[in-house]
Amino acid sequence: MGRGASADRTAITVWAATAAAANPEGGDAYGNGSTPSGALITEQRELDVGSGEVRIENVAATLDPASVRLRGISDPQLAVAEQRFVPGAATPDDILGRRVGEPITVGTAKGEVVGILRAVDKDSLVVEVGTGAQRQLRVLHRDGFVQDVKLAPGGAPAKASLAVRLQTAKPGKQTVEISYRTEGLVWSADYLAVVDEAAKTFDFTGWATIKNTSGTTFDGAQITLVSSQPSNAKPGSGLTRFTIGKPVHVGDSESVQVELLPPRLHVKSRPVVTYEAIPDVSAVYRSSPSTECTNVPGTADKAEVALEVDVPGDPLADGKVRLFARKGSQLDLVSEDSLRTAIGLARVRVMPTADLTGERKILSCTLDERTRTLREKVEVALENKARQPVEAVAREFMWRAPSWKVEPGDETVKGVRAAPQTQEYRLSLPAGAKKSVVYTVTYTW
Amino acid sequence: MVRWFGLALAFVGGACGAALHRVANDAASGDNVTLFRGGVAHVQHRIAVDLPAGASSVKLEIPADVKTEDLDWIDRGGLELGAIHVCASDPPQLIVGAQCGSTVDVRAPSAGHYILSVTYPTKLVWDAAYTMTTSATHDRATIRGSIAILNATGIAYHIAHLRVIDSALDAGVAARALALSASLAGTNVGTSPHAEVRDLGAVELRVGETRVPLIVDSKPRGIRSVLVYDPIGIALDTPTPASMPSEEPELGIIAPASTRVAESIELARSRSSSGLPAGPVRLLESRDDGTLAVVGESQMFDVATRVARVDTIEVGTAVGVSARRERREFSIDEDTHRIVEEFGIAIDNTRAGAVTMLLREHLYRGQNWAIAYASVPSTSVSKVGAQEITLRVQVPAHTKKTVVYVVVYSW
């Protein structure tokens, strides 16, 4: 029985199509685990359960058969005795190949040929015609000679399906829940920021694009999108999830755009200049901390002018943001880049700048192998060479180990944890001014 | 009458079961299209539609090269947007038995007239070309120009504002980012000239080629004769600003510079030529018998001469005048971040009359430079582009004259 049954309820969890973080020092960071990919489909179907095989049609052609789980709703004792995955046929050759041994009518330039399809390849069809002594095989060339092919109704389905034999004490119509993992469903986030002429406020929206190449259509699906960003809910609570409020039709071979967050219109934006003295190499040392004081990353010396907006709650998913400037009825594209996300806020990069420079010094570093701690005292000095005051944000990566802390008394400017291994310091810098922040971070492992 | 071309929008049968509606005729809802060099266009499409209250599903037509994630819904017009369904072409595959059409799910708070606005990048190839017609006396000329836009999107656009920016999309975007960055944080705006926006007005851009006039004013303008010496050309220019100028000592001097001087026609740019896109120009001579003859061909409004006050069109080789370009000094100071280069251009006029020479010099090492010295008056030295200057000099009859200049690159 197909999905046309009335009891259909579909839930889809799709993981973000984000590539694994690159290891800047080469090789894989051992022990980091892998981010899930694809999607988890959970559907309710009504099946007519008897002693024979039950065909569950319109499942994803890209499903992982080992992940299929079938659970009785009407009969909790329902058990699967046997399960087969019948792959779908996506091309004319696939469809014809699946009909070998079945009746076929082939229209040719010399009339119709009716018989049994015996073989097929890209060049020809082999059709058995006649019976008894008159039986013969005809090879029909597909290049020009074959004009039309009619297949008998029914037969092997073109779409992927699951064939199962079920054991139940209550034969007849039953509601079951089927779940499986599949490839062919991915999503990515895209953001839009439209800044007003005075650059004081902007409209900020986020969209998710779900691409479905799974070979099947999902009607009225409850969609959950999982990002590659850890949730803020509590440490270790896993990746951030976005639930789409309304059921969505996700057609086969379709891209579906849905809103990821409520639109934030006319929100106040703040111009900031971010500064990163070193590259973020945290991923490299997540499973094996860097305990050598002499081991320091190279310099990044990267400053960017950005517009910042508060985004309470979980961090936004990684994605591209396009920044437009509104001038009358005209919109002009200003930048297109990855959205910079931090806890509680998002930043839209306008452009890199050389007018904010910085210098990072390690003032001291102490390793205590007995207590498995490393204390590092760091100074970051910034200079504003622009013609006007700026709000500078020094982004410091606590890259040596995932477990770190900066006590309030350990910093000359109050910092904020912006990401699992990032601390940010805000400094108001008048034009031409220099300021610095000194902090001490303690790593444990 | 259906007036909408860009994104044809009509109700389709869907979950709402709404009837087919015609798209509204709304003069205030034309598209804005900005053309960039390289065949990329940015389309801001407005969709006007009359909707019943509640949920509707509407058909959406977009060019095949537009990715779903590139659709930016910039104005919902008071509608609640649901899912947008776009047929995926990535990866390409044969769809068996499936019907594919793109739709937008919307919900209207009440029945009425709504205007949505969406932007996306797409491909619209264009080319500009000019003709200059002069009399046999070569003292006045009439310029005409047009831009030909090839619309192969399969969608006809009704454009309220067609604009052209003669730079690649990236460069155009970078220029706006630079301006916004300067207003937000007082950052340096740089000195490289950016392409101006040229508004071409309202245009009906049907499928196929559309030609739009670029220069409406066709009053004859004064032209004059000039000799141009441009031995290097733009071949060594660096199109994108690099933070470091090239330190290659032999750059620009390995092959001996040509001594050829070009006989040219010079035409001053008017204020109305701001933002005109670069393109070839043919100089036609209108003869007394009414025939036209091509007497020269060149490039006008070139990116390399973006801020020039004149354009020149070569009409042949100058007889009796030659020039020689020679580098006299080259030094690099890594401590002060400076490269100093000195050139001498020796001109030999063997003609019986004085000539006006225009020396085109290309500062190909980088885009951060300054002219530290020139042996001609400063009013005769003009910056004409990000990496080009001209030096104007009068050379009397039967005279040899050498022009010297020093350029300092910094980083």
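The legends below describe close-up views of a predicted model.

**View 1. The contact between chain B and chain A.** In this predicted model, 38 residues of chain B are in contact with 45 residues of chain A. On the side of chain B that touches chain A, at least two residues each are supplied by strand 2 (40-51), strand 4 (72-75), strand 5 (80-87) and helix 1 (169-185) of chain B. Helix 1 of chain B gives the most to this side, with nine residues. Sorted by class, the side of chain B that touches chain A holds 20 nonpolar, 15 polar and three charged residues.

View 2. The domain assignment divides chain B into domain 1, residues 1-218, and domain 2, which is made up of the segments 221-269 and 308-410. The contact between them takes nine residues from domain 1 of chain B and eleven residues from domain 2 of chain B. On the side of domain 1 of chain B that touches domain 2 of chain B, the elements that give two or more residues are strand 8 (125-135) and strand 9 (140-151) of chain B. The largest share of that side, three residues, comes from strand 9 of chain B. By class, the residues on the side of domain 1 of chain B that touches domain 2 of chain B are four nonpolar, three polar and two charged.

**View 3. The surroundings of B:Leu124.** B:Leu124 lies in the loop between strand 7 (112-123) and strand 8 of chain B. B:Leu124 counts as buried because it has 24 C-beta neighbours inside 10 Å, the cut-off for a buried residue being 20 or more. Not counting residues up to four places away in sequence, B:Leu124 touches B:Leu35, B:Gly39, B:Ala41, B:Ile149 and B:Asn151. B:Ala174 is 50 residues from B:Leu124 along the chain, and the C-alpha atoms of these two residues are separated by 21 Å.

**View 4. The domains of chain A.** For chain A, the domain assignment gives domain 1, built from the segments 1-88, 157-186 and 214-260, together with domain 2 (92-151) and domain 3 (269-444). The C-alpha centres of domain 2 of chain A and domain 3 of chain A lie 68 Å apart.

Conventions. Residues numbered from 1 in each chain as written. Chains lettered and ligands numbered in written order. Predicted model: local features only at pLDDT ≥ 70, side-chain atom pairs only at ≥ 80, totals over all residues. Domains from an automatic or database assignment. Contact = placed C-beta atoms within 7 Å. Helix = DSSP H or I, 4+ residues; strand = E, 2+ residues; numbered from the N terminus. Nonpolar A, V, L, I, M, F, W, Y, C, P; charged D, E, K, R; others polar. Buried ≥ 20, exposed ≤ 12 C-beta atoms within 10 Å, placed from the backbone.
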